[in-house]
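Student: I'm new to this one and would like a tour by questions. Could we put it on the screen?

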Amino acid sequence: MLQHPDALLERLDTLSALMRRRHLWEPRPFILHRLPWEDDHPDLSAWLRRLTTPQILAIEENPFVLQGDTPGVYLEWASASQAATAIGAFAQGAKDAAGLEGPHVRFKIPGRKWTQVRSFAQVALWTMPPGATRIVDWCAGKGHLGRALGAATGLPVRLIERQGRLGPLARRLAGRLRLDVEFIEADALDPGAGRHIDADTVAVGLHACGALTSTLLEGACRAGARAVLVAPCCHHFLGPATSFIPMSRAARDADLPLAPHQLRLSIADDVLAPGRDRRRRAREQSWRQGFDLLVREATGREAFTSLGILPPDAPADSFERFCRAMAAQLDLPLPSRWDPDRAEAAGQERARLARALGLVRALFRRPMELWIVLDRALYLTEQGRPAQLGAFCDRADSPRNLLIASCLP
Ligand SMILES: C[S@@+](CC[C@H](N)C(=O)[O-])C[C@H]1O[C@@H](n2cnc3c(N)ncnc32)[C@H](O)[C@@H]1O
């Protein structure tokens, strides 16, 4: 776990230096058939291009467990990424945790969500100072985290959530535990939303997307909240902003511009998605590539054809039907004669290459995520608050497992 302001700053510097190797992570192998760095690293390029799909999957799952023939330059980048992102876990003590264990607390909370809620709640119970009079759960959804903390501490709970339709269920679940829970339908991006946090509050946010984490931290600082703990997610979500501006002076000074589409790299790890979703995604990627190859052939243009978000009625049962539907919809030509089986196989091969070459880019995913979360932690220290940053659960339970905690003494 990182907590001393100097340690946070030092880590930001290390990560900034790593992320400045932009030529390695900016070019996207999905849309470029040859990446600029390949000319400088022909051995690495050839090694990646030879990898089989099972080998690629194995490296994606365990990027730091590499085989004997891995080129040295890749080992060097992988170990730099591993060192820069090493971060310990928060202590999860037993203090008050017994209150989490009753069967009613986890009622209606699905398995992985419960593991996240329990791990987060244990960190909160371990770190929160005495004297708080209320829990505020920011972007609470059904209020699972707030309810668990209410059950463990006996404190009243305020749930802030934009989707008012979740209110009745959140109230019903809290009612089973006889908790004092208030559901407030509110937009956490609204500049006035911070009024729901006051000085005696422990404010928590489990998977508060991008800008929602920012408004939580700003609100907690303004109110002088006793404690604020947040696990950010969807770092590319900017709310009404059109560009990413770091919250901390330190990160702004690092001068590492991140365009909105580049921020997506920070969450581009689907290794933990259910197998069915991963298979569907893999097929979709290869169909996109196969379609792109056909359009290139028909037009003679060497540029990637993006399909954007697929329409819900895009054919999913046959590659040929998929291509004809997309071509008609986007008014794009297909070759006058083409063999659907060969074109589909070509798409699969292109998708394999894109995924293999993407292993280099993937080494920068966690560094970018940690850089963004560190920026939020440093904002707290610049506001005169303490800040701790660490993992609150295993990556297997959630890839978005970083947590910032700031508890006033
Ligand atoms: C990823 S979910 C997390 C929910 C809950 N914290 C949990 O872990 O189960 C994000 C939640 O933020 C809510 N949300 C999104 N935008 C919001 C906004 N502008 N104001 C308040 N809530 C918002 C969503 O409706 C959703 O319930």
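**A tour of the model**

Tutor: The residues of the shell around the ligand divide into eight nonpolar, four polar and four charged. Here Ala, Val, Leu, Ile, Met, Phe, Trp, Tyr, Cys and Pro count as nonpolar, Asp, Glu, Lys and Arg as charged, and the others, Gly among them, as polar. Keep in mind that this is a predicted model: local features need pLDDT of at least 70, side-chain atom pairs count only at pLDDT 80 or more, and totals for chains, interfaces and linings use all residues. Residues are numbered from 1 along each chain as its sequence is written.

Student: How many residues surround the ligand?
Tutor: A residue is near a molecule or strand if its C-beta atom, placed from the backbone, lies within 6 Å of it. The closest to the ligand are Cys139, Gly141, Arg162, Ala188 and Leu206. The number that surround the ligand is 16.

Student: Which strand supplies the largest share of that shell?
Tutor: Helices (H or I, at least four residues) and strands (E, at least two) are DSSP runs, numbered from the N terminus. Helix 7 (144-153) and strand 4 (201-209) each supply at least two residues of the shell. The largest share, three residues, comes from strand 4.

Student: Which strands stand at the edges of the sheet?
Tutor: Two strands pair if DSSP finds at least two bridges between them. The open sheet has seven strands with mixed pairing, in the order 3-2-1-4-5-7-6. Each edge strand has a single partner, so one side is left without a neighbour in the sheet; these are strand 3 (181-185) and strand 6 (388-391).

Student: Is helix 5 roughly parallel or roughly antiparallel to helix 15?
Tutor: Axes are lines fitted to C-alpha atoms, for helices over the stretch in contact, and angles run from 0 to 180 degrees between N-to-C directions. Helix 5 (residues 72-85) and helix 15 (residues 365-382) pack at an angle of about 25°, with their axes 9 Å apart. Angles under 35 degrees count as roughly parallel, over 145 as roughly antiparallel, 65 to 115 as roughly perpendicular and the rest as oblique. That makes helix 5, relative to helix 15, roughly parallel.

Student: Which residues of helix 15 does helix 5 meet?
Tutor: Two residues are in contact if their C-beta atoms, placed from the backbone, lie within 7 Å. On the helix 5 side we have Ser81, Ala84 and Thr85. In helix 15 they meet Arg366, Pro367 and Leu370.

Student: In what sort of crossing does helix 12 pass helix 13, left-handed or right-handed?
Tutor: Helix 12 (residues 275-299) and helix 13 (residues 319-330) pack at an angle of about 60°, with their axes 10 Å apart. That makes helix 12 oblique to helix 13. A crossing is left-handed if the near helix is turned anticlockwise from the far one by less than a right angle, and right-handed if clockwise. For helix 12 passing helix 13, the crossing is right-handed.

Student: How many nonpolar residues does that contact of helix 12 with helix 13 have?
Tutor: Trp287, Gly290, Phe291 and Leu294 in helix 12 meet Phe319, Phe322, Cys323 and Met326 in helix 13. By class, one residue of the contact is polar and none is charged, while the nonpolar count is seven.
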